[in-house]
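These are my notes on one structure, kept in the order in which I looked things up.

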Amino acid sequence: RNEGRVLAVPAARQAARELGLDLAAVRGSGPNGRIRVADVLAAAQGAEGG
Amino acid sequence: MTNNFDYDVLVIGAGPGGYHAAIRAAQLGLKTACVERGAVGGVCLNIGCIPTKALLHAAEMVHASHRAAEFGLTFADTNLNIAKLNGWKDGIVKKLTGGVSGLFKANKVTLLTGQASFVDDHTVSVDGKNYTAAHFIIATGSDPAKLPGLDVDQDSIVDSTGALVMPDPVPARMLCVGGGVIGFEFAQVYNNLGSKVKIIEFLPSVIPGADADAVKEFAKVMSKQGIEIVTQMKANRAEKKADGVHVELENVKTGEKTTEVFDRVLVAVGRRPRTDGLNAEKAGVTVTERGFIPADKQQRTNVPHIFSIGDVASNPMLAHKAMKEGLVAAEVIAGKPAEQDAVAIPGVVYTSPELAWVGLTEQEAKDKGYEVKTGVFPMSASGRAMTLQSTDGFVKMVVEKDTDLLLGVHIVAPHASDMLAEAGLALEMAATATDISLTIHAHPTLGESMLEAAEAAHKQAIHIVNR
């Protein structure tokens, strides 16, 4: 990816900040790997559970 | 918050950034004060965005009254009362600044009037009285940049503030020094009201930073309207004489000098951050050589409890950027994990037609390493544009070739600023050109030009021949 931009919708970016997650480590389920709020929540649960 | 300070947050400046910061801080339960030495609402409301847009609208109405003859509407006499125009514009400003004062009261934000100066990193004095706060948000804004040799008297040589007061009679010959957003907006106001207007720009292109194709189209349309545009030209000095202001112009390439006479000269060569009287160094806050008070993504300065937002923090100097930064600073102070993470900040020239853009220009995208495709839809193919007598311009979309990801949108069209909202959301949502082309847009509207530009990027627009 050029300029290293992580594709995430604004609400997902906010959710990641609130949960203290690095967006770059979240797997996006949307088109082109776009990160959605559900992806952030799943990653957070995974982090806690794991 | 519990502490021994007078306030949790003290905001310095009540412009777009400052009042957003103050209101959001109060909404989040912080005890907030806002210091303003001039008028509430700052540059944008008082001597910027709002009054220029009022003048642009009035000037466009005058222009439209002439063009109405095309469809059979003629006026026996069009007569513009300049005093009434100035009064109407001032009335809008008054109403909006009153609105901000009302919002302060409703949100329990204390307004302190006077010049704020830091005494130490937790104290400012406002006209001699000291106030302490746990956090400060510096939102002091910017002032018009000066040009040596051209002394602004706000009469025949004006900056953007002076240009807002339309003289009676309207000046016959007008020079705009600086081919940026402010220069073009005033150029069109004066042009539509009857001035013969010339714009000079030092750089090889006007509206630096905008997409080259869009700027080319925009300049073509402005020229067609009668505004003379000369690039790579500078103004060395201006002298007031009985027959007008004599301005020495110099061709930057050839060094050739000529003197031309104008009735009004606008100096619009940029803006400078404003930190005079602030005594930021007493709080240990870094001020750069150019006068900026830099901040990180949370809008924090080098002093962690002091924040900086808006024009004084960084370019671009735009009201909507300041507003967002104000919200971020207030939310961070309230303990929220906010940051300035916008993918793109839109830019607009509010002429008719407007030039508006958001995201990367084609050149910026290439410079960043993207392989790009573009889709262009001309307004001449828009049914809605024809019904509005405004078929100049286009929508240009810059798209990443393989992924179809939208990178930037550049528009020359009436209401381009409003069309831009869809483009901005698309960029924030990481939309592809396909997402836009699959969205049903109302017909007939100007906004459906977005859909057709996206289709054009795939070489399957319906209303133009795809090449």
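I began with a pair of strands: β12(B) and β13(B), residues 244-251, run antiparallel over 8 bridges. Strands here are DSSP runs of E, at least two residues, and helices runs of H or I, at least four, numbered from the N terminus; two strands pair if DSSP finds at least two bridges between them. Lys241(B) stands opposite Gly244(B) in β13(B).

This is a predicted model, in which local features need pLDDT of at least 70, side-chain atom pairs count only at pLDDT 80 or more, and totals for chains, interfaces and linings use all residues. Side-chain values use heavy atoms, without hydrogens and water, residues are numbered from 1 along each chain as its sequence is written, and chains are lettered from A and ligands numbered from 1 in the order in which they are written.

Next I looked up the whole sheet: it is open, with 3 strands in the order β12-β13-β14 of chain B, paired antiparallel.

I then turned to helix packing. The axes of α3(B) and α6(B) come within 8 Å and cross at roughly 35° (axes are lines fitted to C-alpha atoms over the stretch in contact, angles run from 0 to 180 degrees between N-to-C directions). Among the residues that meet are Leu55(B) and Leu56(B) of α3(B), and Phe186(B) and Val189(B) of α6(B); contact means heavy atoms within 4.5 Å.

Last, I checked Leu266(B). Beyond its neighbours within four places in sequence, Leu266(B) is in contact with residues including Val158(B), Met174(B), Ile182(B) and Phe186(B).
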